[in-house]
Each structure stands twice: as structure tokens, then as C-alpha cells.
Amino acid sequence: AHVGVAMGLGGTDVARDSADLVITDDSFGAIVAGIEEGRVAYANIRKVVLLLVATGVAEIFLFALAIGSGLPLPLLPAQILWLNLITNGIQDVALACEPGEGDELQRPPRPPREPVFDRAMIERVLLCAAVMAGLVYARFATLLADGVALETARNHALMLMVLCENLLVFVARSETRSVFSGSPLRNPLLLWGTLAAQAVHIAALYTPWLDRVLGIAPLGLADWLRMLAEAAVLLVVMEVYKAWRRGGPRRL
């Protein structure tokens with residue numbers, strides 16, 4: 001075993017002092033419950049890391065694409081700050097409270113020295129970031145090519161990134177399970193937090209002083225529907241990736 005275990009009631013003082021784990025009620029069932037809770041907590045850490053790192057890398061990829069192709073910066077510093085503060089600032093807390101998926105004890109144990117950024121995590125981060133950056137860059141570049149004003153193109157880029165991040169948070173709820181396999185009400189904090197974050201972004205479009213600071217303006221229903229369809233590409237790509245990953249062994 002990786003740790004020494006002693007009984008809290010029936011064990012000797014020497015055993016308790018030298019043990020790494022002391023069972024206060026002498027019930028081995030407490031170890032099983034602790035392992036399950038630990039696996040849920042570790043899984044939630046990975047989920048939050050995926051959400052935060054993937055969105056940050058997506059922004060890096062987006063700026064690299066724009067600069068490499070000679071286009072203006074697709075997002076202003078204030079817009080990036082607003083994006084990270086409102087979207088990630090609400091959703092990462094809610095995602096950390098994600099309940100267990102139910103099969104934690106059926107999963108094989110992970111190596112103690114396995115890093116959070118293992119191969120699977122790196123694959124997911126890069127894939128999510130590449131898709132998000134590609135979608136936002138495509139809309140930004142297309143609008144500029146059509147003669148749309150730079151401020152309007154940035155407005156579209158910001159809101160499309162918001163929609164992508166809102167979908168990403170539901171993708172991040174499980175590393176292998178489909179988004180559609182569980183009820184969104186299983187974690188009401190995440191559902192209502194995402195809706196609240198989206199509502200804040202929409203409200204900012206109609207707030208006079210805030211829209212000037214962020215350089216944003218209201219969008220029509222047709223624009224929202226087109227961007228929602230574009231953001232759904234991220235969902236499709238990650239569903240295909242998860243289906244492929246389900247064919248291999250799973251460790252967590």
C-alpha cells in the first residue's frame with residue numbers, strides 16, 4: 001500500500017502515531033467513501049483546469065492567427081478582461097461543485113505521480129483551443145473582408161467567444177461521457193451560473209457607459225443564431241473526440 005493505515009479505536013498508540021491514515025470509527029467503509037470523494041475532487045480539478053487553460057490558449061491561438069495573417073487585434077484588452085472575469089469567473093466556481101459521475105469506484109487507480117497535464121488533458125486543451133480560435137478567427141476575418149467596421153467585427157468575435165466558452169463548460173463536465181448523457185439539472189449551480197453569465201454579457205450590450213468602455217453594441221437575432229450555430233461546431237468536434245476516447249482505457 002502507498003499509505004499505512006491504523007484503527008483509531010482499536011489500534012495502539014504506536015500504530016496511530018506511525019500511520020498515514022487513521023480510521024477514527026474503525027470502519028473500512030470510511031476508506032471507500034474517502035477514495036470516492038477524493039476521485040470526485042480530483043476529477044473536478046481536471047475539469048476546471050480544462051475550462052480555464054483551454055480558453056486562455058484559445059485566446060493565444062486567436063491572436064496568433066490574426067497577427068500572422070496581418071489582421072488587427074480581434075479583441076481589445078478590456079474585452080479580454082471582461083471575458084475572463086464574467087464568463088470564467090462564474091463558471092469555474094460552479095464547475096468545481098460538479099457532483100460525481102457515479103462510476104468513480106469502477107475506474108482503475110491512476111499512478112500516484114501522474115500529472116494533471118497528462119496526454120489526454122493536453123489533447124483536450126489543444127483541440128478545444130484550436131476549434132474555438134478557428135471559429136472566432138473565421139468570423140472576424142470574414143466580417144472584415146466583407147467591409148464591416150473593425151469595432152463591429154470585434155463585437156462579433158467577443159460574443160462568439162462567449163458562446164464557445166458557454167458550451168465548453170458543459171463539454172468539460174466529463175472527460176469521456178457525452179454532453180447529452182446527463183441532465184443539466186444535475187448541477188443547477190452550473191446551469192444557472194452559465195445562464196447568468198450570458199445574461200450579464202447581453203445586459204452589457206445595452207448599458208450605455210459599459211458598451212462604450214468595452215466597444216460593444218447590440219446584435220440582432222439573426223446574428224445570435226448564426227453565432228450559436230458556429231459555436232455548436234465545438235460541441236460536435238468534442239463529441240466525436242469523446243466517442244473516440246471511450247474506445248480506450250480510462251484512468252482517473
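These are my notebook entries on a predicted model of one protein chain.

**Ground rules**

I number residues from 1 along each chain as its sequence is written. Since the model is predicted, local features need pLDDT of at least 70 and side-chain atom pairs count only at pLDDT 80 or more, while totals for chains, interfaces and linings use all residues; side-chain values use heavy atoms, with hydrogens and water left out.

**Overall layout**

I began with the secondary structure and got 8 helices and 2 strands. Helices here are DSSP runs of H or I with at least four residues, strands are runs of E with at least two, and both are numbered from the N terminus. Read from that end, the order is β-α-β-α-α-α-α-α-α-α. I then boxed the C-alpha atoms along the principal axes and found roughly 80 × 40 × 30 Å.

Next I looked up burial: 42% of the 252 residues count as buried. Buried is under 20% relative accessible area, exposed is over 50%, and partly exposed is in between (1.4 Å probe, protein chains only). For contacts I use heavy atoms within 4.5 Å. Among contacts with a separation of 6 or more, 77% join residues 24 or more positions apart.

**The nonpolar core**

What does the largest nonpolar core hold, and which residues touch the most other members? It has 57 residues, and M159 and L168 touch the most other members. A core in this sense is a set of buried Ala, Val, Leu, Ile, Met, Phe, Trp, Tyr and Cys residues joined through side-chain atoms within 4.5 Å. The elements giving two or more residues to this core are α2 (29-68), α3 (77-96), α4 (119-145), α5 (150-171), α6 (188-205), α7 (208-214) and α8 (221-245). I note that α5 gives the most, with 13 residues.

Skipping neighbours within four places in sequence, L168 is in contact with L51, A54, T55, C128, M132 and L234.

Is H156 buried or exposed? H156 is buried, at a relative accessible area of 6%. Its partners, not counting residues up to four places away in sequence, are R139, L143, L219, D223 and M227.

A172 lies in the loop between α5 and α6. At 1% relative accessibility A172 counts as buried, and, leaving aside neighbours within four places in sequence, A172 is in contact with K47, L50 and L95. I also checked A172 against L214: 42 residues apart in sequence, 28 Å apart C-alpha to C-alpha.

**I35**

I35 is in helix α2 and counts as partly exposed, at 41% relative accessibility.

**The aromatic pair**

How many aromatic pairs does a search of the whole structure find? I got 1, and that pair is Y241 with W244. Rings of Phe, Tyr and Trp (its six-membered ring) pair if their centres lie within 6.5 Å; planes under 30 degrees apart are stacked, over 60 edge-to-face, and the rest tilted. This one is tilted, at 5.8 Å centre to centre with 45 degrees between the planes. Both residues are in helix α8, 3 residues apart, so about one helical turn separates them. Y241 is buried at 8% relative accessible area, whereas W244 is exposed at 56%.
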